[in-house]
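Subject: Structure handover

Dear colleague,

Please take over the structure below. My notes on it come after the model.

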Amino acid sequence: MKFIVLLALLFSTTFANVTYVYSKDVEGRESKTIWKLEEKDKELHIDGESLSSNTKIVASPEQTTQSFSHTSKTVQEVYYREGPTLIARSNVNGKQTERSYKIGKDLWLQEFAFGFKPFILSNLKDFRFCIINPKNLDLHDMIATKQSLDRLRLNGEEKEALHVKVTLTGFKKMFWHADLWFDPQAGDLLMSKANEGPNTPTTIITLF
């Protein structure tokens, strides 16, 4: 609840239209996504565009992510919140799947590049949220924990970065984790390193 209140206060005072460019590297295969953030009707609209896909996120101060959609040549995903219910629909090569979950007032985040800022700028050590796995539409409970202040070399420049570790909760935390680094003053994601599970390549995303 404290995190939700902090999120509302932050969004209400620091909304601004801004563009981010993130570079994605998977075993040497590079791509870029341009993200545009815009305030509309007291909501934050986040639009991401790359050569192969488009993503749209709508977030509200009270509930963080309100809706998420992702479209590529073979995949169409739409996740959205209706009060306490989170609904997920996907169409992969014509095969349609739908799942729904009762999550109450729990936080839902779907894109690590956005949604962590209130936590980074707060005094909280950790926070919990849930996320939809796009491969099977399963819902996973996650926990993000602040680790340390590191020196990060980014685009030829050394920066101070707050290291955050994201894991599944319970015994599942042994099977997957992501390492994220944020600007401790601005709250922006600077770099992330994660894979999609055992025996999958590491994806590195950096602020370009």
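Predicted model: local features only at pLDDT ≥ 70, side-chain atom pairs only at ≥ 80, totals over all residues.

Residues are numbered from 1 along each chain as its sequence is written, and side-chain values use heavy atoms, with hydrogens and water left out.

Confidence

The protein chain has a mean pLDDT (the predictor's confidence in each residue, from 0 to 100) of 89, and 91% of its residues reach 70 or more.

Aromatic residues

There are 13 aromatic pairs in the structure. Rings of Phe, Tyr and Trp (its six-membered ring) pair if their centres lie within 6.5 Å; planes under 30 degrees apart count as stacked, over 60 as edge-to-face and the rest as tilted. Phe-116 and Phe-182 form a stacked pair, 5.4 Å centre to centre with 25° between the planes. Phe-116 lies in the loop between strand E8 (95-102) and helix H2 (117-120) and Phe-182 in strand E12, so the pair ties together parts that are 66 residues apart in sequence. Both Phe-116 and Phe-182 are buried (under 20% relative accessible area, with exposed being over 50% and partly exposed in between; 1.4 Å probe, protein chains only). One aromatic cluster is formed by Phe-112, Phe-116, Phe-119, Phe-127, Phe-129 and Phe-182.

Ala-144

Ala-144 is in strand E10 (residues 139-154). Ala-144 is buried, with a relative accessible area of 0%. Leaving aside residues up to four places away in sequence, Ala-144 touches Phe-116, Phe-119, Lys-125, Asp-126, Phe-127, Phe-129, Val-164, Lys-165 and Val-166. Between the C-alpha atoms of Ala-144 and Trp-181, 37 residues apart along the chain, the separation is 12 Å.

Surface patch

A nonpolar surface patch consists of Phe-171, Met-174 and Phe-175, which together have about 410 Å² of accessible area. Areas come from the Shrake-Rupley method with a 1.4 Å probe; for residues, only the protein chains shown count as cover. Patches are made of residues with over 30% relative accessible area and no salt bridge, with like charges joined within 9 Å and nonpolar side chains (Val, Leu, Ile, Met, Phe, Trp, Tyr) within 5 Å. Met-174 sits in the loop between strand E11 (157-168) and strand E12 (177-182), and is exposed at 65% relative accessibility.

Salt bridges

The structure holds seven salt bridges (a side-chain nitrogen of Lys or Arg within 4 Å of a carboxyl oxygen of Asp or Glu).

- Lys-56 and Asp-47, 2.7 Å; Lys-56 is partly exposed at 34%, and Asp-47 is partly exposed at 27%.
- Glu-158 and Arg-151, 3.4 Å; Glu-158 is partly exposed at 45%, whereas Arg-151 is exposed at 54%.
- Lys-159 and Glu-157, 3.9 Å; Lys-159 is partly exposed at 30%, and Glu-157 is partly exposed at 45%.

Regards

Key
Helix = DSSP H or I, 4+ residues; strand = E, 2+ residues; numbered from the N terminus. Contact = heavy atoms within 4.5 Å.
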